[in-house]
Amino acid sequence: MEIRIGIGFDLHKLEEGRKLIIGGVEIPSDKGFLAHSDGDILFHALTDALLGAIGFGDIGELFPDTDLQYKNLPSEIFLKEAKKILDDKKYKIINIDSVIIIEKPKILPFREKIIENTAKVLKIEKDRVFVKAKTNEKLDSIGQRNAAACYVVVLVSKED
Ligand code: MG
């Protein structure tokens, strides 16, 4: 069996009056993501991690932010497309781990919902997905609530 690892990172600006959508879940907040799509940092980083694991480009190459057809679209579209590429190449997801870095609001009350939705979009068991959240200790742009970021690692496998 072949096993491969992938890493993904994403960051988006936060602005007042925008929706905060993480893992496809809308989280009540006075600030949300300013982005071409919905700015879902978890789904963007996860899409990149999946594509990176199989060496298949990245989210910016597959879905350019200059392309109007992706404007304001839910980011699960990118994630589903990346999963389809893995499926086509016979790769299975072993597990996903992630760290969301956001000062406010607290993500923990929404963690289960984010995990369930991510697993649903990818059509995998939810115990293969984990989500953690950290603050940036009030430091820098993330700590001052001007941005939020996300790291994701994935492990994928393919039978010989
Ligand atoms: Mg992004």
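**A guided tour from K90 to the sheet**

Begin by selecting K90, which lies in the loop between helix 3 (76-88) and strand 5; helices (H or I, at least four residues) and strands (E, at least two) are DSSP runs, numbered from the N terminus. The model is predicted, and local features need pLDDT of at least 70, side-chain atom pairs count only at pLDDT 80 or more, while totals for chains, interfaces and linings use all residues. Residues are numbered from 1 along each chain as its sequence is written, and side-chain values use heavy atoms, with hydrogens and water left out.

K90 is not a glycine, yet its phi is positive, at about 65°. Its relative accessibility of 63% makes K90 exposed (over 50% relative accessible area; buried is under 20%, partly exposed in between, with a 1.4 Å probe and protein chains only).

Next, select R145, in the loop between helix 5 (140-143) and strand 7 (147-158). R145 is also a residue other than glycine with a positive phi, near 65°. With 13% relative accessibility, R145 counts as buried.

Move to E103, in the loop between strand 5 (92-101) and helix 4 (111-122). Not counting residues up to four places away in sequence, E103 touches T135, N136, E137, K138, I142, G143 and R145 (contact means heavy atoms within 4.5 Å). Which side chain of opposite charge is nearest to E103? It is K138, 5.1 Å away, and E103 is buried yet has no salt bridge (a side-chain nitrogen of Lys or Arg within 4 Å of a carboxyl oxygen of Asp or Glu). Display the backbone as well: the nitrogen of N136 lies 2.9 Å from a polar atom of the E103 side chain, and the backbone nitrogen of K138 lies 3.0 Å from a polar atom of that side chain.

In the loop between strand 5 and helix 4, select P105. A cis peptide bond, with omega about -5°, joins K104 and P105.

Five strands form an open, mixed sheet in the order 4-1-7-5-6 (two strands pair if DSSP finds at least two bridges between them). Strand 4 (31-34) and strand 6 (129-134) stand at the edges with a single partner strand each, so one side of each has no neighbour in the sheet. From one strand to the next, the twist averages 25°. Strand 1 (residues 2-16) pairs with strand 4 in the antiparallel sense over four bridges; select E15 to find its bridge partner in strand 4, G32. Helix 4 lies across strand 5 and strand 6, running at about 140° to strand 6 (axes are lines fitted to C-alpha atoms, for helices over the stretch in contact, and angles run from 0 to 180 degrees between N-to-C directions).

Conventions:
Lys, Arg positive; Asp, Glu negative; His and termini not counted. Polar contact = N/O pair within 3.5 Å; in protein donor to acceptor, adjacent residues only side chain to side chain.
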